[in-house]
Amino acid sequence: MRFIETTALNDTYDLVVIGSGFGSLFFIHGFLRQRPKARVLILEWGRFNSHQWQLENQVNSDIPEESVIDNRSGKPWAFTIGVGGGTNCWWAQAPRLHPADFAMRSRYGVGEDWPLSYDDLVPYYTEAEKIILVAGPDDISAVWPDTPRYPLPPHNMTTADRILKAAMPDKHFVVPNARLSRPVDGRSPCCATARCNLCPVDAKFTAENSLDSVLSHPQVDICLSAKVERLDAEAGRVRRALFRQGQREFAANGDLFVLGANAIYSPYILMRSGIGGHGVGRYLCEKMYVHVEAKLNGLKHFDGGTGTTCFNTSLLDGEHRRTRGAVALYFENRFSYGLRSEFGRWREVLPISFYVDDIPQEANGISLGDGDRPVIEHFSYTDYAHLAIKATLEALPDILSPLPVESIEFRDVSSTLGHIQCTTRMGLSNADSVIDRDLVHHTLRNLVVVGTSTFPSTGSVNPSLTVAALSLRSADRLTRSAS
Ligand SMILES: Cc1cc2nc3c(=O)[nH]c(=O)nc-3n(C[C@H](O)[C@H](O)[C@H](O)COP(=O)(O)OP(=O)(O)OC[C@H]3O[C@@H](n4cnc5c(N)ncnc54)[C@H](O)[C@@H]3O)c2cc1C
Ligand code: SF4
């Protein structure tokens with residue numbers, strides 16, 4: 001990696017990228033493939049904290065997330081500041097969004113349609129899956145069309161999963177994830193320790209272990225500790241990114257700008273720059289994250305190949321989405337709530353988590369405040385999500401009926417799932433959104449916004465594979481239209 005001092009910055013760059021997380025790095029990957037001679041600058045607020053450093057310090061970043069936001073929302077927001085952004089802390093679950101997630105308004109009359117479809121993303125999903133080396137099952141095309149064979153074989157199911165798979169083969173699937181299911185290039189396969197934000201054996205995809213082709217590309221300069229504060233625009237174009245390093249302010253000039261500073265800081269930078277569009281900083285959203293445990297009679301659990309083995313789509317899509325959220329049920333192969341206490345029955349318990357999709361609300365969001373941190377002023381979930389939880393708890397006995405279940409016990413709702421979304425949404429025009437289907441700002445046509453902030457809705461499952469696919473598509477579209 002070429003880390004450069006501010007004194008060594010070029011006068012101007014072909015591409016200036018703010019942040020080095022999922023959205024940014026996959027954009028650069030696509031961009032350099034078409035334009036390998038382009039000069040690229042990454043302005044990264046954090047430092048490069050290697051995998052080794054993270055293991056030794058037991059954190060992903062030396063900048064705690066709570067220290068950089070003025071959080072008045074009553075709940076935490078989880079992200080990583082540093083080279084690689086969320087590729088460091090993520091747990092590597094990598095499913096595609098469901099095709100219906102892109103068309104909620106037209107199919108179910110709620111939420112928003114995305115300005116592009118699942119089919120538009122298929123080639124880019126496939127490319128992203130190859131880069132991050134997804135391990136997944138062969139039969140998933142029944143729900144996620146045109147998914148080719150994954151680069152790596154699926155992780156082993158648990159015994160409970162195998163029983164459920166046999167009972168509902170078209171609803172119970174191994175979760176595609178970017179944790180190695182066999183050794184690759186000196187990296188060890190996943191050994192199911194389930195502490196994936198700090199994976200001890202480097203089994204999950206991170207920017208450090210798999211995107212060196214971007215981070216160490218000879219055309220890429222990386223400026224660390226460069227906190228971008230504003231973008232300067234004139235005559236319909238962004239001209240410069242203004243950033244602070246220590247007490248001093250600097251500017252980076254460029255032709256094309258990519259803003260990938262996470263779903264709190266990207267809108268904050270736009271707001272500080274006076275750059276608009278409908279909903280900048282509004283519609284802040286997360287899915288709900290709920291946990292239950294099924295006590296089993298005589299069936300031993302925790303014999304699967306990775307931390308979360310399968311997910312069940314029984315409540316994922318359908319007419320119920322008119323009135324309540326999609327629910328993806330994740331079957332956990334880790335004991336967040338401990339083992340059973342009865343002698344000899346320690347493993348007779350099955351933890352299940354569920355992700356509950358919600359409708360983003362304009363009232364939830366970020367404001368400038370009067371300091372130098374974004375104020376997260378309000379956040380609440382809607383009845384759409386709460387009704388989905390109620391319906392799921394009612395449906396679970398039936399879904400789990402192939403198993404010898406003694407009881408199903410509600411555990412809790414986590415305060416965060418780490419999927420911060422929807423604060424610079426894509427859409428058709430300035431009247432409904434900030435950016436278009438290619439992630440380009442509606443009025444400043446040399447500004448691209450990437451990452452989870454661009455989602456018009458939360459979608460039903462984990463977002464980062466979709467972030468990667470959107471960035472690859474955007475880079476492809478922009479470089480082709482320019483050549
Ligand atoms: C504990 C945890 C587990 C997760 N597990 C999963 C999972 O299993 N599957 C999944 O799909 N998703 C998961 N996620 C979510 C995933 O991390 C995010 O969806 C993803 O990182 C979002 O990508 P992004 O590009 O929007 O932002 P990030 O990846 O967060 O990148 C933002 C970048 O911008 C930099 N930055 C921020 N502000 C500035 C500034 N002012 N100037 C310069 N640089 C700046 C940051 O340092 C960072 O490099 C998880 C998240 C957490 C917290
Ligand atoms: S389950 Fe363990 S080995 Fe596998 S990716 Fe997570 S932390 Fe790494």
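Colleague: What makes strand S10 (residues 308-312) and strand S11 (residues 327-332) a pair in this predicted model?

Modeller: Four bridges join S10 to S11. Two strands pair if DSSP finds at least two bridges between them, so S10 and S11 count as paired. They run antiparallel. Asn312, for one, has Leu329 in S11 as its bridge partner.

Colleague: What sheet do S10 and S11 belong to?

Modeller: An open sheet of six strands, in the order S4-S10-S11-S12-S9-S15. The pairing is antiparallel.

Colleague: Why are strand S4 (172-174) and strand S15 (405-413) called edges?

Modeller: Each has a single partner strand, so one side of each has no neighbour in the sheet. From one strand to the next, the twist averages 25 degrees.

Colleague: Which helices meet these strands?

Modeller: H6 lies across S4, S10, S11 and strand S12 (349-356), at about 135 degrees to S4. Helix H10 (residues 383-399) packs on the sheet too, touching strand S9 (288-296), S10, S11, S12 and S15. The direction of H10 makes about 145 degrees with that of S12.

Colleague: Where is Pro145?

Modeller: Pro145 sits in the loop between helix H5 (118-132) and helix H6 (159-167).

Colleague: Why is Pro145 called partly exposed?

Modeller: Its relative accessible area is 29%. Buried means under 20% and exposed means over 50%. The value for Pro145 falls in between, so Pro145 is partly exposed.

Colleague: What does Pro145 touch, leaving aside its neighbours within four places in sequence?

Modeller: Pro145 is in contact with Arg96, Pro99, Tyr118 and Val122.

Definitions and conventions
Residues numbered from 1 in each chain as written. Chains lettered and ligands numbered in written order. Predicted model: local features only at pLDDT ≥ 70, side-chain atom pairs only at ≥ 80, totals over all residues. Heavy atoms only, no water. Buried < 20%, exposed > 50% of the residue type's maximum accessible area, 1.4 Å probe, protein only. Contact = heavy atoms within 4.5 Å. Axes fitted to C-alpha atoms, helices over the stretch in contact; angles between N-to-C directions.
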